[in-house]
Amino acid sequence: MSKAKRVKGAFGVVSSVTAATGAVTSLKRARTDRDRLLLANAIASIAVAITGALLAIRSLRKGGRDK
């Protein structure tokens with residue numbers, strides 16, 4: 001795997017972790033305020049962050065190959 005692909009994969013993981021951190025903060029605020037719409041948004045954001053991290057990890061493990 002080339003260095004550029006590894007950097008791209010690592011950046012994907014880091015950005016997903018950052019997004020998850022923000023989503024967890026939103027989740028805490030939604031639970032405190034009892035805001036159902038904000039809660040739904042936070043849960044969806046967490047799901048997106050997890051999916052992004054899994055895709056980036058899969059890309060790193062496969063060596064950047066696509067099916």
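1. In this predicted model, α1 passes α2 in a left-handed crossing. The residues that make up the contact of α1 with α2 divide into 18 nonpolar, 6 polar and 4 charged.

2. The length of α1 agrees with expectation: at 1.5 Å a residue, its 31 residues should span 45 Å, and the end C-alpha atoms of α1 are 45 Å apart. The corresponding check on α2 also agrees, in that its 27 residues should span 39 Å at 1.5 Å a residue, and the end C-alpha atoms of α2 are 39 Å apart.

3. Which residues of α1 are buried? They are Gly9, Gly12, Ser16, Ala23, Ser26 and Ala30, and these buried residues of α1 pack against α2.

4. On the side of α2, the residues Leu38, Ala42, Ala49, Ala53 and Ala56 are buried, and what covers the buried residues of α2 includes α1.

5. With a relative accessible area of 17%, Ser26 is buried, because buried means under 20% relative accessible area. When residues up to four places away in sequence are not counted, Ser26 touches Leu38 and Ala42, both of which are listed among the buried residues of α2.

6. Ala42 gives the view from the other helix, since Ala42 lies in helix α2 and, at 0% relative accessibility, counts as buried. Leaving out residues up to four places away in sequence, Ala42 touches Ala23, Ser26 and Leu27; of these, Ala23 and Ser26 are listed among the buried residues of α1. Ala42 and Thr25 are 17 residues apart in sequence and 8.4 Å apart in space, taken C-alpha to C-alpha.

7. Gly52 is placed in helix α2, but at 23% relative accessibility Gly52 counts as partly exposed. That class follows because partly exposed lies between the cut-off of 20% for buried and that of 50% for exposed. Gly52 and Arg31 are 21 residues apart in sequence, and their C-alpha atoms are 24 Å apart in space.

8. Where does Arg34 sit? Arg34 has its place in the loop between α1 and α2, and just after α1 it takes a positive phi of about 55°. Arg34 is exposed, with a relative accessible area of 77%, because exposed means over 50%.

Technical notes: Residues numbered from 1 in each chain as written. Predicted model: local features only at pLDDT ≥ 70, side-chain atom pairs only at ≥ 80, totals over all residues. Heavy atoms only, no water. Left-handed = near helix turned anticlockwise from the far one by under 90°. Helix = DSSP H or I, 4+ residues; strand = E, 2+ residues; numbered from the N terminus. Nonpolar A, V, L, I, M, F, W, Y, C, P; charged D, E, K, R; others polar. Buried < 20%, exposed > 50% of the residue type's maximum accessible area, 1.4 Å probe, protein only. Expected span 1.5 Å × (residues − 1). Contact = heavy atoms within 4.5 Å.
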